[in-house]
Each structure stands twice: as C-alpha cells, then as structure tokens.
Amino acid sequence: MSAPSIATLAPQLRAGTLSPVALVEAALDGIARHDGALQSFVHISATARTDAEEAARDIRAGQYRGPLHGVPIAIKDNYLTRDMPTTAGTSAPGIAFPMVDSTVAARLRAAGAILIGKTRTHEFAWGTVTPPTANPWDKARVPGGSSGGSGAAVAAGLVAAAMGSDTGGSIRIPASLCGVVGLKATFGRVSRAGVVPHSWSLDHAGPLTRSVADAALMLGVLAGADPGDPACSRRPVPDYGSALGAPIAGLRLGVCRNHFFARNQPDVEVAIQQAIRDLAAAGAVIREITIPNLDHALGAIFAVELASSTAYHDVSLRAGRVQHFTPDVRALVEMGRLVTGPDYLKAEQFRRVLMDDFRRAFAELDAIVGPTMPLTAWRKGEWEVAVAGGAESVLAASWRLTYPYNLTGLPAISIPCGFDRSGLPIGLQIAGEPFAEAMVLRVADAYERRHDWAARLPPL
Amino acid sequence: MSDSPDPFRDILGLDLPPERLAEVVRLYRKILAEINALRALDLTDVHPAVMFDPASGWNEEAP
C-alpha cells in the first residue's frame, strides 16, 4: 500500500492531475484487499463513488473547497452520519441512533471530504483495545482503542485520515500503537455534537492522520464554535498551517519526570530520551518539571468517567439492556452506580488542583513532551504486560500517560518517534496550554521534519 | 423502602442478582482503592472548583 498524505494529494486534486474517483476506487480496493485481516471498518459508504464524482465535477468547475476536497476520510462509528448507520460498537437490542450528521461529519462534507466508511470502536468508546481490529504492524497485536479502527486504517494506508474520539486517550493510544499522528485539541475546540457520548466533560473529538501537517489541515476544518455543543468555544480558529515549518530554537519544553517516566518499557524510554535530545538539538530548551498531584489523577478520572458513562446509560441499566453489552463495558456501566455524588464532585474539585499545577508549569514553558504510552502494542488477549520489570494490567498501563490531558482538557498530540526491538511503533506526546494547538503542532512538526518515521509503512 | 434497606438496590439503584453484584463489587475494588486515595485528599480550601469545562479560565482571553 502507498499512503499519501492529504498535503500530498490536495495539490494534485486541485490541479486535476488526480481524480477523486480514482482516489476513492483505490481506497475501496485497499479496503477490499486488506480489511478482511485488519477489520478496521464496520461500514463502507454506498455513496462514496457518487460523492467522488460530484467532487470531481465541482473541482473541474472551479469550485475547489480546500485541501480536503475529494479526499476519502473515515469516521469512527460513534459519530452520527446521515448516510451510514451508527452503532457505537454495540449490538445490544433496543439501542439505535439517528441517521443525521454530527457536526464533524457535516464540516468534513462541507470541506469536500468523502466519508468513505465508519471505523470500528470498542463498545461505547470504552477501553483501550478495539476487538477484533488488528494492528497493521503485527496482526496478532491490538491497535489500541477505543479508536482502534481509525488507527489501523490510517496506519495501513487505507485512508489518509480518520476521525477518533478521546475520553482518556482513545485518539492518542491507537496513534501511538499504530505509528500515526493523533491530535486531541483543547476541550471545546472541536464540537462533540452528534458524537455518542461517553463522559461529557472528558470527551474530545479529533483526527488521526499520517502527518502533523495533515492534523493541522483537519483541525482547521473541524475547529470552531457550534451551538450544538454547549462546551464548544467561540474563540476564533487560527491558521494552524502557519505554525508549521517554524523553528523551535529557544522554545521551552518541559519534561515531567514524575508520573510520565515512572514505569515505562525500556525501548519506550530509550526512544523518548532520544526524541528529547533531538528536540534539544533543534534548539529547544529542555526543562525538567514536576506535576505534583498526578498521583491522585487516576481516582479522579475513574470517578468522573464511570459516573458520567453510567448517567448516560441509566435507562439501559434500569431496563436490563446492559446485560447485552460486552462483559467489560457492562461491568464498567454497572459499577458507575457505586461512585457517589461526593466522589464525583471531589474529582471535579481535584481537576482544579491539577489544572493549577499545569498552569504553574506553563508559566515557564511552551509545551510539555514525553511518552504517549509506557508500552508498545501488546498481544490480543493479553491482560497483563511487562512494564519496567513488573507485570501490570494493560488497562492500568495503557492510559496512564494520556488521561491527565483529558482531566485538564489540554491539547495533546501523539506522533511516531521510533520502533521497539520488535518493530512496533512508539509515540511521542506533546501537550500545550489551552488553545495552544498551534504551538503543539509547531513542536510536533519540527520533530517530524527531522525523521522519516511517518514514511514507514507496515508490511501488509 | 423497608426498614432495613438494601443500600445497593434502594439507595444506589443497582438492582442486580447477588452473584452479579458480588462480581461487580469485586471488579470495583481496584478502582475504589484509587477513589479512596482521592477521598483522603484534603481539598477543603480548593474552591470554587466544580468545572464542566476545565479550560474555561482561558476562554475569554485573547487567542
């Protein structure tokens, strides 16, 4: 498979040297040939070809809408779409979702993108695996989750970009494990209207792409006010592309040694330390920092996530429909009832404490860098993994380094930064102040330009 | 509700057969340990604190 980026495709589409129809046919052919093994898609659009023909006509007529025009893009199966069914990964009876476009789907269509299919999510976007989707780098291993279908589809080159959602790391985890770029912008930067909710105050919508430049292109289309999402910011949307290519000399990058470096696999540690040295070699000033209260963050996110998810599923819980959920999701929804009101509100109170820690850190920093995950992709069916000399549950390990940025709503991106000795991708995480996506993209782009990780493709 | 309410069913609204309830509570123990650590924090002086939008402090600032 070849895997051209949006930034590569767009000039050809605009010039007419590449047809959206040919691009869609190539994507459908790739899906037909490879997705039987990957199982990253759950639905293929019946109108993709006619949508491509329409895009081709518009471009020929001089009505070019921008860099997504004519580009096939996949969308996670928890985003409502008017022309494809949404399941949110559940087959439980009595649960159905309307055939209308989420704000994200509508914005992608308005920008000319062709929504080619829905990618697999773990049920209701819970968990950090996406069964039965395979990791393209080793099909015996997980792609991460819950946006594992999107991660696998982009890594395999089936599409140039796919939408994910991120409540505790579900964009960045599959991005890290599959070797692609995953961007979770600031809470409120991208509308969640029409995304099946998981936890209202933790949920983020965002893209998985092959490059940082593509993430910037996607965010430029997706970001912006939306009355359908009360948390959506009215801030103007900057030109994220203008941040790319800028030098990072003199930028102050924090490295948080507590929590983020406490228990990582050795190969992850080596790759991240090298990435930090590379950023320093590009002129960035590296500062060691501490975020003191991270030790209590796990209890806080559990309280918020469990209580919120159970509130959303309350009717299904009382009606007994949860007995048809997958066993892990069923248990999580049931145990959300055990989180008390004071637990939930103390967790919210704690978020203020954590946010104050980060605010103090960012007073002297431009971004924070570190690993996205403490480990690389684990084998399907494994529930314990070796991390830093000891066994740890995959649930505990897999989201440890991502959920702090859900509790705080800070923007964070995962980009490829190497491979472990088994040839599995490793992710570098870069986080910024609220609404500092341009800074996050600038640092990520500067790192990406010095390496060729994004050009490497899994052997399908 | 009877004089001897079942706290799970009558107060928390978790109406499950005893075996299933025992399983859910067993699975919850590790999570409860983390929530207990949160409960042990003295956050008395942290207020105002309830936030649905954790980035709201920045929302009105210039981009």
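In chain A of this predicted model, 77% of the contacts between residues at least 6 apart in sequence join residues at least 24 apart. The chain is built from 15 helices and 13 strands, and 62% of its 460 residues count as buried. Along the principal axes, the C-alpha trace of chain A spans about 60 × 60 × 45 Å. A compact globule with 460 residues would have a radius of gyration near 23 Å, and the 20 Å of chain A therefore agrees with that expectation.

Turning to the place where the two chains meet, the contact draws on 35 residues from chain A and 26 residues from chain B. On the side of chain A that touches chain B, helix 9 (297–312), helix 11 (327–335) and helix 12 (341–362) each supply at least two residues. Helix 12 of chain A gives the largest share of that side, with eleven residues. Sorted by class, the side of chain A that touches chain B holds 18 nonpolar, nine polar and eight charged residues.

The crossing of helix 12 of chain A with helix 2 of chain B is left-handed. Here A:Asp343, A:Lys346, A:Ala347 and A:Phe350 from helix 12 of chain A meet B:Ile35, B:Leu38 and B:Arg39 from helix 2 of chain B. The residues of this helix-to-helix contact comprise four nonpolar, no polar and three charged.

Definitions and conventions
Residues numbered from 1 in each chain as written. Chains lettered and ligands numbered in written order. Predicted model: local features only at pLDDT ≥ 70, side-chain atom pairs only at ≥ 80, totals over all residues. Contact = placed C-beta atoms within 7 Å. Helix = DSSP H or I, 4+ residues; strand = E, 2+ residues; numbered from the N terminus. Nonpolar A, V, L, I, M, F, W, Y, C, P; charged D, E, K, R; others polar. Left-handed = near helix turned anticlockwise from the far one by under 90°. Rg over C-alpha atoms; globule rule 2.2 N^0.38 Å. Buried ≥ 20, exposed ≤ 12 C-beta atoms within 10 Å, placed from the backbone.
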